[in-house]
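Here is a short note for a colleague opening this entry for the first time. The points are numbered so that each can be checked in turn against the display.

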Amino acid sequence: MELLGIDPVRVAGGLARGLVGLALAPLEQTTVLRRDRRKVWSCPGRLHIEAHGVHGPRGKQVAERIERALEGRPGVLWARVNAPSARVVVAVEEPAPATDDLVALVRRAEADPATEDELDHPADGLRGTRLLPTLAADAAGLALAAITRIAPWAPLPR
């Protein structure tokens, strides 16, 4: 059965094969489902790669890790993180290293802590976390929400 020259069984089979292939492929290899789509701009001798995590209290440590990881790569002359623009500027020599390899290095440097001091370990206790202030703020918000819900029906003295 063909409609306008299109075989629906053949189209459905192709669609099913594509979905099965997409489901069985590792997520790092599927560009359609990859969450980490970094902006990369390049010109001769330079690359500008989007960097994450370079703001905030540990931004300087993340920036230094990114720079060290990139400068240790053959073909990279130097690398500097521009935190306000959230970009790392990489000077490359000819032949330039593969852009995907440099992006992977940036991704790994952002994710991996360089020292034990950068890790927040659960055994450190409540001092190293913000658990108590967060719980206190949540409890205050819950109490305020309850009061505003009950206030229209509760008789209050003048």
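1. Start with a salt bridge. Glu-71 pairs with Arg-80, and their closest N and O atoms lie 2.4 Å apart. Glu-71 is partly exposed, at 35% relative accessibility. Arg-80 is partly exposed as well, at 43%. Please keep in mind that this is a predicted model.

2. How many salt bridges are there by this rule? The count is two. The other pair joins Asp-101 to Arg-73, at 3.2 Å from N to O. This pair ties together distant parts of the chain, 28 residues apart. Asp-101 sits in helix α3, residues 99–111, while Arg-73 sits in the loop between α2 (59–71) and β3 (76–82). Asp-101 has a relative accessible area of 37%, so it counts as partly exposed. Arg-73 has 23%, which also makes it partly exposed.

3. Next, helix α3 itself. Its 13 residues should span 18 Å at 1.5 Å a residue, and the end C-alpha atoms are 19 Å apart, which agrees. The buried residues of α3 are Leu-102, Val-103, Ala-104, Leu-105, Val-106, Ala-109 and Glu-110. What covers them? The cover includes β1 (40–43), β2 (46–50), α2, β3 and β4 (87–92).

4. Helix α2 passes the same kind of length check. Its 13 residues should span 18 Å, and its end C-alpha atoms are 18 Å apart. Gly-59, Val-62, Ala-63, Arg-65, Ile-66, Glu-67 and Leu-70 are its buried residues. These pack against β3, β4 and α3. In an α-helix, residues three or four places apart point the same way, because there are 3.6 residues a turn.

5. How do α2 and α3 pack? Their axes are 9 Å apart, at an angle of about 145 degrees. The crossing is right-handed. From α2, the residues in contact are Val-62, Arg-65, Ile-66, Ala-69 and Leu-70. From α3, they are Leu-102, Leu-105, Val-106, Ala-109 and Glu-110. By class, this contact has eight nonpolar residues, two charged and no polar.

6. Is Glu-110 buried or exposed? Its relative accessibility is 16%, so Glu-110 counts as buried. Leaving aside residues up to four places away in sequence, Glu-110 touches Arg-38, Glu-50, Ala-51, His-52, Val-62, Arg-65 and Ile-66. Take Val-62 from that list: Glu-110 and Val-62 are 48 residues apart in sequence, yet their C-alpha atoms are 5.9 Å apart in space.

7. Two backbone details remain to be checked. Most residues other than glycine have a negative phi, and most peptide bonds are trans. Ala-86 has a positive phi, near 55 degrees, and is not a glycine. Ala-86 lies in the loop between β3 and β4. With 15% relative accessibility, Ala-86 counts as buried. The peptide bond from Glu-94 to Pro-95 is cis, with omega near -5 degrees. Pro-95 is found in the loop between β4 and α3.

Notes:
Residues are numbered from 1 along each chain as its sequence is written. This is a predicted model: local features need pLDDT of at least 70, side-chain atom pairs count only at pLDDT 80 or more; totals for chains, interfaces and linings use all residues. Side-chain values use heavy atoms; hydrogens and water are left out. A salt bridge is a side-chain nitrogen of Lys or Arg within 4 Å of a carboxyl oxygen of Asp or Glu. Buried means under 20% relative accessible area, exposed over 50%, partly exposed in between (1.4 Å probe, protein chains only). Helices (H or I, at least four residues) and strands (E, at least two) are DSSP runs, numbered from the N terminus. The expected span of a helix is 1.5 Å times one less than its number of residues. Contact means heavy atoms within 4.5 Å. Axes are lines fitted to C-alpha atoms, for helices over the stretch in contact, and angles run from 0 to 180 degrees between N-to-C directions. A crossing is left-handed if the near helix is turned anticlockwise from the far one by less than a right angle, and right-handed if clockwise. Ala, Val, Leu, Ile, Met, Phe, Trp, Tyr, Cys and Pro count as nonpolar, Asp, Glu, Lys and Arg as charged, and the others, Gly among them, as polar.
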